[in-house]
Amino acid sequence: MMTEVDPRTTTRAYAYEMWMDAPMPMVTFFKTLDVSSLVRFSRIRKLKFNMLMCWSIGQAASQVKEFYLLPVGRKLIRYDRIAVNTIVANRNGEVSSCDVPFSTDVRAFNEDYLRLTRLVAESCENYDLTERMVIGTSALVRFDIDGVVGMYSGVFNNPFMIWGRYRRKWFRTTLAVSFQFHHTQMDGAHAARFLDLLQREINTIGTR
């Protein structure tokens, strides 16, 4: 469910006034995550690493209330649910977009992830969940990258995370990520807290 709210009645009132008319309202953070636990869990449970990253992102974001408010056009919209988007290689050799509804149950999320990405790959049509606040992701797993500053189109204000290939060194596996967000939606402290929560979720996934 999505509802338009008066920005003046929210904790983002000042941010709305300051950043909605900014020519470049997006902020990008870079962080190196320790994904050793995620890689190990992926191998033991035979689950896709990218799916587990998407689930961990949703799990962390669901604990930060700012993720449930998003500027859409000139409006501020409150959502009661979130989804995580992934880019899918389709059967035509191109890419399509797939929104996966977030569930705190990693098994349920995995079932939706596999079902929907397969549907999108075969149909070559995007799968959009317009009633949810969507966190975009893009995994460039064949390439070593340190981060990406995303393009601001002025159409989509959704938060967006990008990563490349993870790196192994001794007993640790690390992953460089970039996280882009609209300043009206959240401040730097909220984004930093989200990234800390993401690391915590990755560290503890094997204990669930």
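## Surface, fold and ring pairs

The protein exposes about 11,100 Å², of which carbon and sulfur atoms supply 54%; accessible areas come from the Shrake-Rupley method with a 1.4 Å probe, and for residues only the protein chains shown count as cover. This is a predicted model, in which local features need pLDDT of at least 70 and side-chain atom pairs count only at pLDDT 80 or more, while totals for chains, interfaces and linings use all residues. Residues are numbered from 1 along each chain as its sequence is written, and side-chain values use heavy atoms, with hydrogens and water left out.

Buried residues make up 49% of the 208 residues in the protein (buried means under 20% relative accessible area, exposed over 50%, partly exposed in between, with a 1.4 Å probe and protein chains only).

The structure holds 8 aromatic pairs. Rings of Phe, Tyr and Trp (its six-membered ring) pair if their centres lie within 6.5 Å; planes under 30 degrees apart count as stacked, over 60 as edge-to-face and the rest as tilted. Two of the pairs are listed here.

| Pair | Centre to centre | Angle between planes | Class |
|---|---|---|---|
| Phe-29 and Phe-181 | 5.5 Å | 80° | edge-to-face |
| Phe-67 and Phe-194 | 4.9 Å | 55° | tilted |

Phe-67 is buried at 0% relative accessibility, and Phe-194 is buried at 0%.
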